[in-house]
Amino acid sequence: MSVHIQDQFELIVVGGGPAGSVAAWTAAEKGVKTVLLEKDRDFGIPVRCAEGVGLAGLRNFLEPDPKWVDNKLEKVRFIAPNGTILSINSTEKGAILNRKIFDFELVRRAADAGACIRNRCNAKGMEREDGKLKIKFDHYGKEYTISAPLVIGADGVESRVGRWAGLDTDLPLVDIETCFQYTLHHTSIDPEFCDFYFGNNIAPGGYIWVFPKGERWANVGIGISGDNAKHRSAKEFLDIFVEKHFPGASFLSSVAGSVPSGKVPKNIVAEGVMLVGDAAHQSDPLTGSGIISAMWGGRFAGETAAKALEKGDFSVKILEGYVTAWNKRMGEQHAWNYRLKVGVRKLNDDALNHTAQVLSEIPLEERTLGKIFQTALVNELGVMIDIVKAFLQ
Amino acid sequence: MIYMREKRYNQNNNKLRIQSAICDFCGTCVAVCPVDCIELTETEIEIDFEICIMCMNCLKACPIHIISEVSE
């Protein structure tokens, strides 16, 4: 290997998305000898993401940079199955990122902090030996092995580090959103609005998003729950939608993917091993957003790695500190939104139409969350309001 | 969930075929596989039929439905 990985590392991070990069960045900054293995040629490519993120959440990690922020917006529209539009001005500004540049920026910062970054290293297995974890990986057709006392599994929805560590991270079909997305160009796309389309015939157990990247172009994608995808794929549902709403569009990119939408598994740490981001099902079960949540996972896991090394203790007890920190920051919202997701799955199109109708009768300038909440109480709209709230976060 | 690593679930000896030429290598099938029998790299995908239990999770969850059951 022209790239020598002979050093004795203290931490191996598997996966170079936001969770892995922030984990490596944080740990390296604290003096941990860190190596990050990414299976793909490039970081951030392909972009398996709708790229929407809250700016306030992002600022906990880095200042938004026009280099990787394609669009900023604060208007959200919910479109009910019958076409009723509910517009809401969000109090918090959101951004549509350019993940190709954003992910690269994160991993570059990890390298700046002193982490050893390696692309095209596909992890194939993990074993325990003499109190250390050995990761076997493939690099341009050759097999290599490195070992360290600590491993952070940031290897995405398809995570295998967790399985190798004996953690139960199985995703049943009801707890995964299977997704497809086009980046498309169409004259009707308004750069000021993020749109969410709901309906059991449109996107069963999920929704369709239109996230404008700029004038006339947007990420238009769909997530449907795995157990609703038997007869028609996510792509087929999306194609029907696109044909109706964006006839004659130009297609600039397309990508398949999926998002965990279950609870965070009971155990996301094992001796010497921490799972972060999608690998730990930290994405929001209701909205599917996962960037900020994954970055918190990465930061807390990186900090915990440094603490564990300081103490020379890699037990579950020490590593649980990471889980506690993440739960304190994200746990309550995650658990609440999981309950909401379960509730939403029971709503039929009539209930969605009715809610959108009642709420859209509130004048736009008065359509604050407080007013919506009040209307909801009177009309017993319950769960829908929490959903609106969750999407505005 | 623990499954026996044997073929008793796959009595008719059918297999799954992935149209790898149009696969996006997104990992959704790997994510829903209860027995971890799918090997995925950036541009390759393979099912280990010694381990596969033909549960059809991957076939259903694939965002572009390119996995199908074929008889031997």
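The stops below begin at the interface and then turn to single residues within each chain. The model is a predicted one.

**First stop: the interface of chain B and chain A**

Colour the two chains separately and select the residues where they meet. Here 25 residues of chain B are in contact with 32 residues of chain A. The area buried between the two chains is about 2300 Å², and carbon and sulfur atoms give 49% of it. Within chain B, select E42(B), K60(B) and P63(B): these supply 24% of the area that chain B buries against chain A, more than any other three residues.

**Second stop: charged and polar pairs across the interface**

Five salt bridges are found across the interface of chain B and chain A. To see one of them, display the side chains of R120(A) and E42(B), whose closest N and O atoms are 3.9 Å apart. Between chain B and chain A, 16 residue pairs are in polar contact, counting pairs with both residues at pLDDT 80 or more.

Which elements of chain B give two or more residues to the side that touches chain A? They are α1 (28–32), β2 (38–40) and α2 (57–61) of chain B. The largest share, four residues, comes from α1(B). By residue type, this side of chain B divides into 15 nonpolar, five polar and five charged residues.

Select D36(B), in the loop between α1 and β2 of chain B. Its phi is near 55 degrees, a positive value in a residue other than glycine. At 15% relative accessibility, D36(B) counts as buried.

M54(B) has a relative accessible area of 11% and is buried.

Turn to chain A and select P46(A), in the loop between β2 (34–37) and β3 (52–54) of that chain. The peptide bond from I45(A) to P46(A) is cis, with omega near -5 degrees.

**Last stop: Q282(A)**

Select Q282(A), in the loop between β17 (273–275) and α6 (291–311) of chain A. Is this residue buried or exposed? Q282(A) counts as buried because its relative accessible area, 1%, is under 20%. Its side chain makes a polar contact with the side chain of Y322(A), at 2.8 Å. Leaving aside neighbours within four places in sequence, the residues in contact with Q282(A) include V264(A), I268(A), L275(A), W326(A) and H334(A).

Technical notes. Residues numbered from 1 in each chain as written. Chains lettered and ligands numbered in written order. Predicted model: local features only at pLDDT ≥ 70, side-chain atom pairs only at ≥ 80, totals over all residues. Heavy atoms only, no water. Contact = heavy atoms within 4.5 Å. Buried area = accessible area lost by both parts, 1.4 Å probe. Salt bridge = Lys/Arg side-chain N within 4 Å of Asp/Glu carboxyl O. Polar contact = N/O pair within 3.5 Å; in protein donor to acceptor, adjacent residues only side chain to side chain. Nonpolar A, V, L, I, M, F, W, Y, C, P; charged D, E, K, R; others polar. Buried < 20%, exposed > 50% of the residue type's maximum accessible area, 1.4 Å probe, protein only.
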